[in-house]
Amino acid sequence: VQALIITAAVGAPVLGRITDKVGFRPVFIFATLSLGAIEIGQSRFVDDLPSLALSVALAGLIGGGATAVLLTRPISAHFRRYRGIALGLVAAGSSVATMIVPPFLHHVIEVEGWRQGFVLLAGIACVVGMPLVLLLLPRGVAVVRTGPLPSGIGAPASKPFLKERDFWLLVGANILAALSISGTISQLSPMVQDEQLSAQTAAFGLSLFAFGQLGGKLFGGFALDRFDPRLVAVLMTLLPASGFLLFLLDTGTAWPILLACVLIGVLQGAEVDIFAYFVARRFDLAQYGTVFGALHGFGWLGTAAGITLFGFTFDLFGTYEPIQLGAVLVLALSTLLFLPIRLRKEA
């Protein structure tokens, strides 16, 4: 996991930058085929932990080219009025795949072994996923600026994005959200059982978390098109904060905890919509891949910290309550970072 996180954090900005220079399709095709080749290699040559770690690190470095880092670029450039819902539908597709693929993968592993599982993943990516993406996503997109920023400020291209206050506000919000939500993903089942609930209830909570993810992607995209995006981002961040509060109340009954699972899943689902939308509305679309890739890379740092902190807190205190309270405070701070961000008016 650590190898994947480190290389993904490095690979995201590099792939985003290359995409701005050469276009979406060449990078996406190269990344998808390379990821498929890595998975075939894992099925044939991985025999020990070092070789597994190396292959996972390579997958993290290159695999970002087949994720939201690239896929949101043509969507953000092509759509204006319905950009939010378009981003939401693209993100929802990954959720649907997550629901469909695991049962097939589990069956293949049980019957044929784990090596054939990697072959199946390579086939899905290269034979199913790549052709669908190339067929459905816009082929030619005119990348244009969308107007001046508020208060008469000129185009962001006049200043490097790393010197822009708004970029660092987005980085802070992204890291804080990832810190809270990623730790929950890795520890959700133990968290539910720590509330004196059964393993069966915990499994149901995981399913509801996935439902919250899907709902967050669709509702978040819909809302971004119709309301002030900053207020939408605040709402979608406060919902999981209220979920952590439900965990802290510890009523001993199942339904508040299951509701909390849904609420926490909402932000994990909506975050791609939110940050992709903000980047498209705040920065020059000609450098979208560079900016979003860098933002995505910083988000991996929050992911690594969250996974570590949730487990460490339980080991130290024997309960998740301190980190749950911390998550409430961190998410509340994250909402404040969205409010000052300036957004362009759409043409």
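Biologist: How many disulfides does the rule count?
Modeller: Happy to start there. The rule asks for a pair of cysteine sulfur atoms within 2.5 Å. By this rule the count is zero.

Biologist: What should I know about the model and its numbering?
Modeller: This is a predicted model, where local features need pLDDT of at least 70, side-chain atom pairs count only at pLDDT 80 or more, and totals for chains, interfaces and linings use all residues. Side-chain values use heavy atoms, without hydrogens and water, and residues are numbered from 1 along each chain as its sequence is written.

Biologist: Is Cys126 buried or exposed?
Modeller: Buried means under 20% relative accessible area, exposed over 50%, and partly exposed in between (1.4 Å probe, protein chains only). Cys126 has 19% relative accessibility, so Cys126 counts as buried.

Biologist: And what is the relative accessible area of Cys261?
Modeller: Cys261 is buried too. Its relative accessible area is 0%.

Biologist: How many helices does the protein chain have?
Modeller: Good one! Helices (H or I, at least four residues) and strands (E, at least two) are DSSP runs, numbered from the N terminus. The protein chain has zero strands, and its helices number twelve.

Biologist: What radius of gyration goes with that fold?
Modeller: The radius is taken over C-alpha atoms, and the globule rule is 2.2 Å times the number of residues to the power 0.38. For 347 residues that rule gives 20 Å, and the protein chain comes close to this, so it is as compact as a globular protein of that length. Its radius of gyration is 20 Å.
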